[in-house]
Amino acid sequence: MLYHLLYPLHEVWGPFNIFRYITFRSAGAILTAMLCAFVLGPFVIRKLRDLQIGQHIREEGPKAHHAKTGTPTMGGLLILAAVALATLLWADLRNPYAWFALLTMLAFGVIGFLDDYRKTVRRRSQGLSARAKFSLQILAAVTVGVALVMLAAHGTYSTSLQMPFFKEVALKLGWFYVPFAVLVLASSSNAVNLTDGLDGLAVGSMLIVSATYTVLAYVAGHAIVADYLHVVNIKGAGEVTVFCASLVGACLGFLWYNAHPAEIFMGDTGALALGGAVGVVALIIKQEFLLILVGGLFVVEALSVILQVVSFRFQGKRLFKMAPLHHHFELSGWPESKIVIRFWILCIIFSLASLSTLKVR
């Protein structure tokens with residue numbers, strides 16, 4: 001919105017030309033989303049308390065978590081509001097990719113909201129059934145996949161998959177890109193959701209992942225830089241940088257209230273939305289496989305759950321004291337704050353490793 005209002009004025013006053021640059025607008029998006037979360041945070045927390053929208057802790061979980069019962073949840077609404085406001089203010093709203101990213105995040109946020117709402121109404125830790133939640137995720141992901149294939153049909157997008165470390169290798173999927181998009185979006189949203197179990201863990205990790213994809217989106221949208229680094233250049237994808245920057249700011253602002261001891265939880269409203277957001281960004285900028293490395297922490301958390309289930313079903317024993325992995329360390333005696341900080345460090349390592357691959361092409 002600001003881009004459309006102020007950039008045309010550069011012909012009257014030269015300094016308005018600065019709104020042309022994605023880097024400037026991305027910085028503005030970070031600050032806007034962060035300030036939005038800061039300012040609205042106390043109001044949202046107070047309102048959720050008044051409505052008695054509190055977290056319900058499952059009985060089989062760590063006993064220390066029972067003290068968190070009643071902490072306001074659905075805080076993901078704060079993240080969604082901050083990202084939406086910053087993106088609408090600073091992005092070029094004529095760009096389809098900015099809308100793809102924003103609407104996908106909101107769609108997955110709605111799914112999470114429905115899940116959180118059912119938990120609140122029933123006053124229990126279970127919301128939507130697994131089948132219902134997964135079906136809604138597939139529906140949203142299929143819509144995104146079909147939309148991207150339609151863009152590819154008009155020559156503004158590519159449904160080919162670039163193989164990491166092999167710059168000349170590309171796998172053309174065509175309409176098979178739709179189920180691939182479903183796999184990426186469903187996996188990323190659920191992996192982030194599984195990671196959201198300790199104060200600040202998921203949102204702090206998403207802050208790091210979002211910052212990494214801010215860099216990757218800028219590279220993919222810049223023809224000269226993309227060509228130099230042998231990265232697929234998607235014309236117009238640079239505007240996704242503004243969306244990613246909004247995620248950074250929103251996560252930073254939300255972390256202020258979600259840090260241990262948390263005043264508010266993001267709930268599935270935030271976790272599914274953030275996972276869907278980073279998943280669709282990976283699809284748009286053609287860094288789908290790199291998402292495995294950038295979001296390595298989320299992958300590890302999800303794998304710990306899968307391995308736990310498989311081991312118990314076929315061998316009758318558990319590999320971990322409790323899954324996801326952060327609960328294993330919690331039951332092993334690690335303080336919550338130490339687990340969170342060490343997992344953040346791992347997330348930073350994964351992100352740095354992913355950025356280093358830009359030169360290994």
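In this predicted model, asparagine 193 has a relative accessibility of 16% and therefore counts as buried, since that value is under the 20% cut-off. Asparagine 193 is placed in helix α6, which covers residues 177-195. When residues up to four places away in sequence are left out, asparagine 193 touches Lys133, Asp268, Ala271 and Leu272.

Apart from its neighbours within four places in sequence, valine 182 is in contact with Ile138, Ala141, Val142 and Ser187. The C-alpha atoms of valine 182 and leucine 139 are 8.5 Å apart in space, although 43 residues separate the two in sequence.

Glycine 174 is found in the loop that runs between strand β2 (170-172) and helix α6. Its relative accessibility is 30%, so glycine 174 counts as partly exposed, a class that lies between 20% and 50%. The contacts of glycine 174, again without residues up to four places away in sequence, are Val149 and Thr159. Glycine 174 and valine 203 are 29 residues apart along the chain, and their C-alpha atoms are separated by 34 Å.

Helix α2 spans residues 22-50 and has 29 residues. From its first C-alpha to its last, helix α2 reaches 40 Å, which is close to the 42 Å expected at 1.5 Å a residue. After the helix comes glutamine 52, which has a positive phi, near 55°.

Helix α2 also takes part in the second largest pocket, where its three residues are the most given to the lining. The volume of this pocket is about 430 Å³. Its lining is made up of 19 residues, and those nearest the centre of the pocket are Ile22, Gly221, Gly236, Gly238 and Glu239. At least two lining residues come from each of α2, α4 (96-122) and α7 (201-221).

The cysteines were examined for disulfides, and the structure holds zero. For cysteine 36, the closest cysteine sulfur is that of cysteine 251, at 13 Å; a disulfide requires sulfur atoms within 2.5 Å, so this pair is too far apart for a bond. Cysteine 251 also carries the closest cysteine sulfur to cysteine 244, and the separation of 11 Å is likewise too far for a bond, because it does not meet the 2.5 Å limit. Cysteine 36 counts as buried because its relative accessibility is 11%. Cysteine 244 is buried as well, with a relative accessible area of 1%.

One joins histidine 260 and proline 261, with omega at about -5°. Proline 261 is placed in the loop between α9 (240-258) and α10 (267-284). Another cis peptide bond runs from alanine 323 to proline 324, and its omega is near 5°. The loop between α12 (296-315) and α13 (325-331) contains proline 324.

Methionine 74 is not a glycine, yet its phi is positive at about 65°. This residue sits in the loop between α2 and α3 (76-90). Methionine 74 counts as buried because its relative accessibility is 2%. Lysine 286, which is not a glycine either, has a positive phi of about 60°. Its place is in the loop between α10 and α11 (290-294). At 3% relative accessibility, lysine 286 is under the 20% cut-off and therefore counts as buried.

Technical notes. Residues are numbered from 1 along each chain as its sequence is written. This is a predicted model: local features need pLDDT of at least 70, side-chain atom pairs count only at pLDDT 80 or more; totals for chains, interfaces and linings use all residues. Side-chain values use heavy atoms; hydrogens and water are left out. Helices (H or I, at least four residues) and strands (E, at least two) are DSSP runs, numbered from the N terminus. Buried means under 20% relative accessible area, exposed over 50%, partly exposed in between (1.4 Å probe, protein chains only). Contact means heavy atoms within 4.5 Å. The expected span of a helix is 1.5 Å times one less than its number of residues. On a 1 Å grid over the protein atoms alone, a cavity is a set of points where a 1.4 Å probe fits but cannot get out, and a pocket is an open set with protein on both sides within 12 Å along at least five of seven lines; lining residues have an atom within 4 Å of a point. Grid points are joined across faces, edges and corners, and a volume is the space filled by probe spheres set on the points.
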